[in-house]
Each structure stands twice: as C-alpha cells, then as structure tokens.
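Q: Could you walk me through how disulfides are read from a set of coordinates? I would like the general idea before the particular case.

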Amino acid sequence: MFKTMKLSGRNFHGIIVIVFVMLSTSSTSAMTKFNVLNFGANPIGRTDSTDGFLKAWNAACSTADSTFIYVPKGRYLVGSLAFKGQCKSPQIIIRIDGTIVAPSDYGVLGKWENWVSFERVNGVSIIGQGAFDAKGPSLWACKASRSNSCPLGTTTLRFTNSNNITINELTSLNSQMFHIAINGCQNVQIQGVKIIAAGDSPNTDGIHVQLSTNVKIFNSSIKTGDDCISIGPGTKNLWIEQVTCGPGHGISIGSLAKDLEEDGVQNVTVKKTIFSDSQNGLRIKSWARPSSGFVQGVRFVDSVMRNVQNPIVIDQNYCPHNENCPGQVSGIKIKDIKYENIRGTSSTPIAIKFDCSPKNPCTEISLRNVNLTYLDKDAQSFCCNVMGKVFDLVRPNSCL
C-alpha cells in the first residue's frame, strides 16, 4: 500500500538528495567501474596523483558503457586536472569520498586558469562526501601584501560547454579564486554543496554562472570573500533555492557592462535564502559604460537578512574601491524585477538602494511585503532613475 504525502519544500529537496544518491549508488552495479588507486593515485598525499586521476578519466571516457570513477577516502595531491570530452561513455559518475589537495606552493596552480576542469562533457555527475582543498590563504596573503609577483590564481572547479551536469554534496575549501564556475553549459544541478573561505579572501566567488541555461542551485551553504553566487551575462532560466550566504558579497547579478556587446540575463528566481553578516543581500550591478546587455524577469522571494550592509541594491555605477571608474553611463537595461517577502535587519541606514542609469532607467520594479529595519527602527530607501510600484506592507517607506 502506498500513502500520498504532502511535503514541504525543505523536506522535498532533502528527499531528492537521498533518492539521487541511492539511485546513483545502486545503479553502479550495472556500470563499468574504475578506482583511481588502480591507476597509481596515492591516498597518503605525499606524492603527485595527477597522472592517476587523468588515466582513470581517460579509461572511463573511452568506454562505451556508463562508468563509475571512485576516489576513496584519503588525501590526494594533484596539480591541474583537465578532463576533456567528447566521451564514448553516455554517463560518468565520479564519487569523491577523499580530499583533493592542491600543492602547498600556490605558484604551481596559480599560473593555471583552472585547477579541476571539465570541457565538452555530457552526463557527468560528481557526488560524495569529499572535498577540494585549494590551500588559498598563502596566495591571499601575497595579494594582500600588494606584491607584483603574485599569480592571478585558479578556479577550483569549472565546467565549460557541457550538458547534463550534477554536483552533489561536495565541499570546496579555500579556493585561490572562484570555487565553482559554470560557463556555456545547459541543464546543471548543484545541490548540497558547502563552500568555505575567509570573509576577506579576494575574488573567491562561491558559484559563478554565465552563458548557461537551465541551472539549478539548491540547499547549499556558502561562506566566502566575494559574491556567494555571481550571475554573469548570457544566463537564462536560473533557479536558486534554500541557499545560505555569509560572510560574502551576496547573490549578485553582474557585474555587467564589462563589454560593449554582451548577452542579457533573464528568467532568474532566487527563493528562500538567508544572508548573515554579508556585504550585500540581493544585488544587481553594472559598470557605468555602454553595453547591449540587459536584465529582465528576475524574482527575489522569501529572503531573510541578518545584519546585512546592503539588503536590496541595484547599482549601475559599480566601481569597487573607486579605482579606474569608467565614469560613463550604463547601457544595461533593467526591467521586471520583483522583490517579495524580504525581511530582516540592515547594518546600515539605507536598506533599499536603487541607483539606476540616467540613460536607461530601471523599470517595472516592484516591492511586496518587504520589512527591513536598522537598529530596531525604520531604515531608509534611496531611489535614482527608477520606476515601479509598491504592494502591501513595505518598510522602509519606499521611494518608488
């Protein structure tokens, strides 16, 4: 006998994780399996395992069956890993239960754009209780010293021009730069990940998405020194739900208007998020320069702010540190942006800031059931070149 159950959103997503892992584990019995230890990987972390990981990937990629790559518990020292398609295998599951460790010398990885990268792959799933430890603090310290000898740094995990990708329950520690980047991909699900870096770590965006369609990010915890999630040009149909952010710079669309010819951002939903002691909450940012880009069809719903510097912000004069600002007018067109059920506390007097382009004012901006306070009293709002409407209770008093 089967019983029909009505599930809350939180429990429902938790059950998705459990069912996915069970299905992935049980289905491996019909797969061709590869263990990185059999290809020379060392779980003690004293010798380089890069070659062992690449050999395991090449074996799986060249197999016509669905395949399963296993990384057992242990610490694996690896350099830059570039996993290339086009694979014969229609599905590759990589289960990581160990910790992938970067070389202690940040210069070894710092000269590469990516530490672990996948390019032109299809049907790849990365699951398990393991972690990537990029050992970023020494590079951050180099950058803080303003030395000219510091490398730019590397992104921990990047997927490029890939489809049907799953990242489930992994941890990313102390990335040199971005933790996870999704670029030019379709049908991606990221769920249950933990991202950890110091609040002052430079350019350590948690998850960056650009030029990608149908990306979902669920049930994840992000603590980092830059945007918890950054959304770049060409992002379409992005769903973010039950993400906690802080420290960090919030969930940001942008920065945009880096280039004159730029794809737009559209159909983005950010739902049931919590921001704690972050620099920003829900942010859209663009440089003040001409651009063909746009932002439209964005829904920010059910967010809690806890001591956030800028809970709601649209900034079309973005220029961090006020250095080398373009000093022009943003060409980004922003419209149809809705904020609903946003509540909590601001750590600054201005809780809502809409600083839009004088040439392309923000339009169709709406606020519904917003309740933000500062030091247990009313906060303030600021509006420039913006048109929109207010529905139901909105606190602070809206300037729309």
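Q: Is the disulfide of Cys228 and Cys245 right-handed or left-handed, and what is the torsion about its S-S bond?

A: This is a predicted model, in which local features need pLDDT of at least 70 and side-chain atom pairs count only at pLDDT 80 or more, while totals for chains, interfaces and linings use all residues. Residues are numbered from 1 along each chain as its sequence is written, and side-chain values use heavy atoms, with hydrogens and water left out. A disulfide is a pair of cysteine sulfur atoms within 2.5 Å; the torsion about the S-S bond of Cys228 and Cys245 is about 80°, so this disulfide is right-handed.

Q: How many disulfides does the structure hold, and which handedness has the link of Cys319 and Cys325?

A: There are six disulfides, and the link of Cys319 and Cys325 is left-handed, with -95° about the S-S bond.

Q: Are Cys319 and Cys325 buried, partly exposed or exposed?

A: Buried means under 20% relative accessible area, exposed over 50%, and partly exposed in between (1.4 Å probe, protein chains only). Cys319 counts as buried at 11% relative accessibility, whereas Cys325, at 38%, counts as partly exposed.

Q: How far is the nearest cysteine sulfur from Cys185, which is in no disulfide?

A: For Cys185, the nearest cysteine sulfur is that of Cys87, 14 Å away, and Cys185 counts as buried because its relative accessibility is 1%. Cys384 is likewise in no disulfide, the nearest cysteine sulfur being that of Cys356 at 7.7 Å.
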